[in-house]
Amino acid sequence: MAARPGPERAELVEMLAELTNKPASEVPERLGSMELAWLVHLVEQRYDTRLDLTDDQLAGIRTVDDAQEVFRACLTAPADG
């Protein structure tokens with residue numbers, strides 16, 4: 001199976017706008033635990049996968065850009081097996 005590209009930054013910002021019920025232009029760059037959990041949930045749904053994130057990966061996600069980088073790495077990594 002070919003690797004799937006991860007979400008674009010704008011897509012992640014739109015997901016966060018859904019959570020906060022604010023325009024995308026007002027979504028803050030910094031992520032709290034609730035915002036991160038929301039993003040993981042929506043990315044898993046939209047990409048029909050389970051993100052098996054390590055504690056280190058989760059701890060390293062503090063911003064939208066961090067989330068994009070980690071999600072892309074997970075979604076493009078070759079599947080085991």
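Predicted model: local features only at pLDDT ≥ 70, side-chain atom pairs only at ≥ 80, totals over all residues.
Residues are numbered from 1 along each chain as its sequence is written, and side-chain values use heavy atoms, leaving out hydrogens and water.

Which residues of H4 are buried? They are Val64, Ala67, Gln68, Val70, Phe71 and Leu75, with buried meaning under 20% relative accessible area (1.4 Å probe, protein chains only). An α-helix has 3.6 residues a turn, so residues three or four places apart point the same way. The cover over the buried residues of H4 includes helix H1 (9–20), helix H2 (33–46) and helix H3 (55–59).

Now zoom out. The protein has four helices and zero strands, counted as DSSP runs (H or I, at least four residues, for helices; E, at least two, for strands). Its radius of gyration, taken over C-alpha atoms, is 12 Å, close to the 12 Å that the globule rule (2.2 Å times the number of residues to the power 0.38) gives for 81 residues, so the protein is as compact as a globular protein of that length. Along its principal axes, the C-alpha trace spans about 40 × 25 × 15 Å. Of the 81 residues, 31% are buried.

Key
Buried < 20%, exposed > 50% of the residue type's maximum accessible area, 1.4 Å probe, protein only. Contact = heavy atoms within 4.5 Å.
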